[in-house]
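Okay, everyone, thanks for coming. Let me put the structure up, and then we'll walk through a few contacts.

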Amino acid sequence: MTAASVINRRSFLVASLAGGAALTFEASLAIAATPAASDPVALGVYIRIAADNTVNISSRNPEIGQGIKTMLPMLIAEELDVAWDQVRITQADGDAKRYGFQIAGGSTATPTQWLPMRQAGAAARAMLVAAAAKQWSVDAATLTTDAGSVIHKASGRTVTYAALAAVAATVPAVDLAKVPLKDPATFRIIGKSVRGVDTPAIVRGTPLFGIDTMLPGMLHAALVKCPVIGGTLASFDDAAVRKIPGILAVVPISSGQVPAGKHDALAIVGQSWWTASKAREKLVAKWDTAEQTGFSTAGYAKQAAALLAAAPQADLFKAGNADAALAKAAKVVTADYSYPFLAHATLEPQNCTAQWSADGKIEFWAPTQAPEWGRKEVATMLGIAPEAITIHMTRIGGGFGRRLMNDYMVLAGQVAKAMPGRPIKLVFDRTDDLRNDYYRPAGWHRMTAGLDEKGALVALKDHFVTFAAGGKPVRAAEMNSTEFPGPVVPDTHFGQSFLATNLTTGWLRAPTSNAMAFVFQGFLDEVAEAAGIDLPELMRRTLGVPRELKPEEGDPPFHTGRARAVIDAVCKFAAWTGKPSSTPGKGRGFGFYFSHRGYFAEIVDVTVTDGAVKVDKVWIAGDIGSQVINPLNAEHQMQGAAIDGLAQALVWQPVVQEAGAVMAENFGDFPLLRLDAVPGDVAITWVKTDFPPTGLGEPTLPPVIPATANAIRAATGKRLRSLPLTLA
Amino acid sequence: MAVALTVNRKKRMVEADPEKPLLWVLREDLSLVGTKFGCGAGLCGACTVLLDGVAVRSCQTPISEAAGKQVVTIEDVASLPVGKKVVDAWVELDVPQCGYCQAGQIMSATALLTDTPKPGPDDILAGMNGNICRCATYLRIQKAIRKAAGMGEPA
């Protein structure tokens with residue numbers, strides 16, 4: 001395979017913004033020009049070299065457990081040519097002007113930062129080399145570097161980066177785009193297993209997370225939210241609450257989900273969160289929810305069934321004439337698939353600390369996956385300039401996409417403004433968290449496929465019922481028009497029909513893919529069965545010759561050869577035969593999915609006993625390009641993602657809504673996966689290709705869901721088409 | 001009411017509502033925030049501490065019940081010989097992802113290995129099933145427990 005850029009337009013924009021750091025890189029040199037002798041010297045925005053030759057590296061992206069706080073500095077350290085034990089890491093603030101756009105989302109950090117981080121390290125190294133060349137009056141080309149020192153072999157001279165840093169900071173800045181990078185064959189840090197930089201602090205219980213924020217004079221706020229999303233505050237009586245010792249105020253606030261000027265929440269502010277939380281029992285609040293009470297889980301299901309029975313309201317993709325092709329097909333397969341609303345249930349509940357100061361500025365300590373989006377929302381809600389907002393990014397106790405939304409910043413900002421000068425920490429309790437999520441939207445699909453007499457897939461239809469507002473799918477409720485195998489089937493029709501909801505929706509790890517993989521790979525398993533072959537073989541035939549399929553505008557292309565290679569790899573890895581197990585109750589299923597630039601094929605082994613499904617083992621083959629940056633963490637992310645997918649397949653229960661309100665209360669009715677549901681092993685193999693490295697935290701997840709459904713079919717003969725997979 | 005208890009080998013006096021959960025006394029009154037709030041209902045295990053050597057959910061333990069007792073939290077668990085082995089194994093195998101549940105996991109694992117120095121799979125399940133890890137670091141959690149116990153990998 002040839003190397004090809006799979007950076008899409010959005011990524012390019014991100015990369016360009018990060019390139020903005022190049023400008024700042026030069027600007028910061030002026031500041032660094034006159035340091036005190038003992039102060040660390042900055043070489044660009046990410047690197048500071050201390051007098052003891054330790055190197056402090058700022059990690060630019062939010063850390064949600066994906067290991068980015070460790071991985072991005074690895075890229076810098078590699079090209080800076082320092083030893084990993086010289087490196088100290090600092091979490092950067094949320095500051096797009098300094099660092100470019102910062103986000104933990106879309107598995108984008110690797111594809112967008114692979115070059116900029118290495119270039120930042122290489123540029124600083126080049127400046128240190130130039131400083132040594134100047135000092136020794138030798139040609140820079142005769143100098144090498146190693147473990148934080150510049151070496152002149154010919155004369156046997158060596159000088160530490162620390163001794164050179166002050167001079168290096170004054171040499172002309174290097175063009176980041178032209179700075180030479182290492183040959184990957186010489187990498188000493190990239191590709192080596194490195195433990196998480198915060199692991200020692202985590203096991204000591206050191207304050208790291210947003211909820212751990214402690215500031216002098218800090219007050220605590222508990223949330224009283226309208227029980228129905230979209231409903232507004234009609235009136236409230238806080239007389240009884242304000243009599244409670246330790247309670248200071250009750251503040252009407254808005255999540256940003258209701259029209260400007262309206263409130264949908266109250267914050268009880270006190271000396272203790274526990275006291276404030278308990279005081280909620282005494283607060284009387286009346287809510288206006290008339291516009292939302294018609295929405296319910298049962299109502300959606302009824303409406304979806306009616307919509308599926310009629311023609312789609314809108315076309316998403318059309319090629320040839322699917323109906324005509326189905327009419328002459330030798331075999332037609334049809335099935336309905338569906339999946340429910342889900343919450344994110346990060347273990348650290350949503351929280352945020354904020355302090356409003358007398359000069360109209362506000363400072364945040366926020367566990368946010370997208371600080372700049374938070375800045376924008378806070379600026380709008382508080383009517384202040386974005387520049388008046390300072391954002392410190394804390395470690396995050398689970399993201400999964402929930403913290404791409406910044407309602408907790410918006411809410412905490414208003415409470416802080418009402419309590420000027422005092423830091424306030426707003427903490428959701430578990431029920432607040434489950435009932436005020438940005439849910440993975442439910443969806444329904446009527447799938448139809450036509451096979452010719454040779455068993456080839458010649459016609460495909462999907463009628464997708466999803467949630468929309470103003471004729472457009474709501475956040476994370478969309479489907480890609482190029483969903484495989486649509487574009488390679490001669491006659492295809494993807495149509496859509498729309499439902500309304502009051503629920504706020506959002507991205508859940510591998511958004512849309514976590515649902516579409518189940519629907520399409522589950523259904524294709526049925527098609528393969530009708531064709532008398534197994535799913536890997538149907539995929540091989542359908543993928544055809546290695547080529548890039550045209551994506552939707554702005555998306556990376558889908559390479560059929562890379563897909564084929566991981567399918568073959570996992571089949572070999574797991575010794576897949578496609579034949580049923582000779583042991584009753586045992587079954588094997590396969591699933592493939594391409595998302596977030598990553599190609600993943602997975603096999604799941606299950607044992608079904610009295611209707612209970614136990615996953616014995618998961619096998620994964622993945623292609624994320626030429627380089628796995630931190631193998632120790634990559635293995636961990638993939639095992640976690642696969643088990644997270646099993647949770648969606650088998651454990652998590654639908655988020656149920658009655659009369660507009662979400663009913664989920666705690667982990668009793670929204671159960672998370674526990675040790676008893678963990679497979680014996682999640683085994684991993686790689687397919688290395690010449691493509692630039694990409695992410696894996698998300699693309700590992702989707703295939704395990706259909707692979708589990710397909711394994712249950714193999715084990716029991718039962719085809720489960722609705723999540724969670726439940727044997728009656 | 002005033003409650004006297006020992007936290008991490010230090011005698012402490014706390015003035016608090018007798019109903020206030022030990023979790024919130026640790027976090028708010030004693031600034032020991034290593035013990036985590038996850039569900040407030042004893043369902044997730046993030047708030048697990050040792051109370052007189054027994055793993056308890058501190059969100060379900062009123063401070064009045066801790067009066068006169070010994071509390072060990074994540075901040076000092078490594079002072080116990082078993083706790084030290086658990087913490088070391090956690091670091092060596094790099095168990096955390098987000099890390100939020102890990103204090104509770106470590107406290108439960110310490111209690112498990114104190115009672116059952118060589119746990120079998122069923123012992124590990126019984127001792128650890130109450131602790132949720134949303135990132136699903138369970139494979140490494142089990143491995144770290146076996147490592148701390150000086151046991152090899154199962155066949």
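**Where the chains meet**

So, the contact between the two chains takes 42 residues from chain B and 45 residues from chain A, where contact means that C-beta atoms, placed from the backbone, lie within 7 Å. Keep in mind that this is a predicted model: local features need pLDDT of at least 70, side-chain atom pairs count only at pLDDT 80 or more, and totals for chains, interfaces and linings use all residues. Residues are numbered from 1 along each chain as its sequence is written, with chains lettered from A and ligands numbered from 1 in the order in which they are written.

On the chain B side, the elements giving two or more residues include helix H4 (102-115) and helix H5 (121-128) of chain B; helices here are DSSP runs (H or I, at least four residues), numbered from the N terminus. By class, that side has 26 nonpolar, 10 polar and 6 charged residues. Nonpolar is Ala, Val, Leu, Ile, Met, Phe, Trp, Tyr, Cys and Pro, charged is Asp, Glu, Lys and Arg, and the others, Gly among them, are polar.

Now, how do H4(B) and H5(B) cross? Their axes come within 9 Å, at roughly 135 degrees; axes are lines fitted to C-alpha atoms over the stretch in contact, and angles run from 0 to 180 degrees between N-to-C directions. So H4(B) is oblique to H5(B), oblique being whatever is left after under 35 degrees (roughly parallel), over 145 (roughly antiparallel) and 65 to 115 (roughly perpendicular). As for who meets whom, Ser108(B), Ala109(B), Ala111(B) and Leu112(B) in H4(B) meet Asp123(B), Ile124(B), Gly127(B) and Met128(B) in H5(B).
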